[in-house]
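Dear colleague,

I am handing over the structure below for your review. My notes on what was found in it follow directly after.

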Amino acid sequence: MDSITLPATLEALARISAFIADAAERAGLDEQVAWQVQLAVDEAATNVIQHAYAPDAPGEMTLSWRREGDCFIVTLRDFGRQFDPGSIPPPDLSAPLGERRAGGLGLYLISRLMDEVRFDFNPQSGNVLTMTRRLTPPEALSH
């Protein structure tokens with residue numbers, strides 16, 4: 001497992017993107033899957049930056065990755081405010097654009113790009129987001 005710990009600031013996003021791009025290449029992800037994982041991680045990290053810490057007191061976040069068999073697993077940890085994904089209403093994708101509320105698409109996007117998404121929290125380990133992407137589509141495994 002490789003990890004990187006960075007300040008939870010917008011300036012960290014370029015390093016996060018480079019870290020995941022390198023991880024995806026080392027893990028053997030194809031270009032499309034690597035791009036999807038990068039997009040999901042970028043969205044998750046942006047959520048931490050914008051919502052976990054007070055704007056004048058950014059904390060840190062740690063990004064880790066590993067490959068387990070056919071799965072590429074990314075973990076994002078922060079020690080900001082506890083995050084409850086159940087408190088975020090699903091976006092109304094059928095509403096006209098002018099009537100949609102701002103925000104709320106990040107979790108939806110992450111869940112569409114990754115195969116498994118899990119949020120955990122406890123005071124000692126903080127918020128831990130685990131995102132898993134299978135490298136072989138499920139339909140390919142049945143053949």
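Leu 76 stands opposite Leu 129 of strand S5, in a model that is predicted. Strands and helices here are DSSP runs numbered from the N terminus (E, at least two residues, for strands; H or I, at least four, for helices). Strand S3 (residues 71–78) runs antiparallel to S5, and eight bridges join the two; strands count as paired if DSSP finds at least two bridges between them.

Residues are numbered from 1 along each chain as its sequence is written, and side-chain values use heavy atoms, with hydrogens and water left out.

The sheet

Five strands make up an open sheet with antiparallel pairing, in the order S1-S2-S3-S5-S4. Its edge strands are S1 (2–7) and S4, each of which pairs on one side only. On average, neighbouring strands are turned by 15° against each other, direction ignored; axes are lines fitted to C-alpha atoms, for helices over the stretch in contact, and angles run from 0 to 180 degrees between N-to-C directions.

Strand S4 (residues 116–122) pairs with S5 over seven bridges in the antiparallel sense, and a hairpin of three residues connects S4 to S5. Along this pairing, Asn 122 stands opposite Gly 126 and Glu 116 stands opposite Thr 132.

Strand S5 itself (residues 126–134) is mostly covered, with eight of its nine residues buried. Buried means under 20% relative accessible area, exposed over 50%, and partly exposed in between (1.4 Å probe, protein chains only). Thr 132 lies in S5 and counts as buried because its relative accessibility is 8%. Leaving aside residues up to four places away in sequence, Thr 132 touches Cys 71, Phe 72, Ile 73, Met 114, Asp 115 and Glu 116, where contact means heavy atoms within 4.5 Å.

The helices

Helix H1 (residues 13–27) lies across S1, S2 (60–68) and S3, at about 10° to S2. Helix H2 (residues 31–52) lies across S2, S3 and S5, at about 10° to S3.

Why does the length of H2 agree with expectation? At 1.5 Å a residue, its 22 residues should span 32 Å, and its end C-alpha atoms are 31 Å apart, so the two agree; the expected span is 1.5 Å times one less than the number of residues.

The buried residues of H2 include Val 33, Val 37, Val 41, Val 48 and Ile 49. The buried residues of H2 pack against H1, S2, S3, helix H3 (105–113) and S5.

The loop between S3 and H3

Asp 84 is found in this loop. Its side chain reaches the backbone nitrogen of Gly 86 at 2.9 Å. Asp 84 counts as partly exposed because its relative accessibility is 44%.

With kind regards

Technical notes. This is a predicted model: local features need pLDDT of at least 70, side-chain atom pairs count only at pLDDT 80 or more; totals for chains, interfaces and linings use all residues. A polar contact is a pair of N or O atoms within 3.5 Å; within protein, one must be able to donate a hydrogen and the other to accept it, and residues adjacent in sequence count only if both atoms are side-chain atoms.
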